[in-house]
Amino acid sequence: LAQGATDTVRIEVPRRALERWDETAARWTLDSGTYTFVVSRSSRDAVLRHEIDVVGDDLPVRLTPDSTLLEWLEHPSIGPALISAVTEADPSGRTTGMITNPMAVLMIGGLPIHRLAVDAGNALTLDLLARVAASQTR
């Protein structure tokens, strides 16, 4: 366009440009959410922002002992079930405190949950994890 001229344009963004590889599902997937597209003259001069809400694939999350503590806790149904099972298994509250304390979760949340299930001093066991995971697939 000539300097100062305006026009309407339509830019089609293919779905594949928004997808990410999901290691667990072993496939490309599109996450639901708000996507922001920015048109700029340069990296510091954005002239247009456009947001669109996208309904994605929302693949079911399959948690395994290799999934992190945080992945287990953030799962909408398994997280509360895990806390409930741990609370029932450890009336002292030590294990529940460990997995619900924000500072503790900040430090250990990225660990595979099976690494936390080897300490004889807590109620988090591989058997408990298997029971919690199985209860959510019924």
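Analyst: Helices (H or I, at least four residues) and strands (E, at least two) are DSSP runs, numbered from the N terminus. S77 sits in the loop between α1 (69–74) and α2. This is a predicted model, where local features need pLDDT of at least 70 and side-chain atom pairs count only at pLDDT 80 or more, while totals for chains, interfaces and linings use all residues. Residues are numbered from 1 along each chain as its sequence is written, and side-chain values use heavy atoms, with hydrogens and water left out.

User: What makes S77 partly exposed?

Analyst: S77 has a relative accessible area of 32%. Buried means under 20%, exposed over 50%, and partly exposed in between (1.4 Å probe, protein chains only), so S77 is partly exposed.

User: Why do α2 and α6 count as oblique to each other?

Analyst: The axes of α2 (residues 78–89) and α6 (residues 126–135) come within 10 Å and cross at roughly 140°. Under 35 degrees would be roughly parallel, over 145 roughly antiparallel, 65 to 115 roughly perpendicular, and the rest is oblique. α2 and α6 are therefore oblique.

User: Which residues of α2 and α6 meet?

Analyst: I78, A81, L82, A85, V86 and A89 in α2 meet L128, L129 and V132 in α6, going by contact (heavy atoms within 4.5 Å).

User: How do you know that D22 is buried?

Analyst: D22, which is in strand β1 (residues 20–22), has a relative accessible area of 13%, so it is buried. Not counting residues up to four places away in sequence, D22 touches R27, T29 and L59.

User: What makes the W21 and W28 pair edge-to-face?

Analyst: Their rings are 5.5 Å apart centre to centre, with 75° between the planes. Rings of Phe, Tyr and Trp (its six-membered ring) pair if their centres lie within 6.5 Å; planes under 30 degrees apart are stacked, over 60 edge-to-face, the rest tilted. So W21 and W28 are an edge-to-face pair. W21 is partly exposed at 40% relative accessibility, and W28 is partly exposed at 36%.

How values were computed: Axes fitted to C-alpha atoms, helices over the stretch in contact; angles between N-to-C directions.
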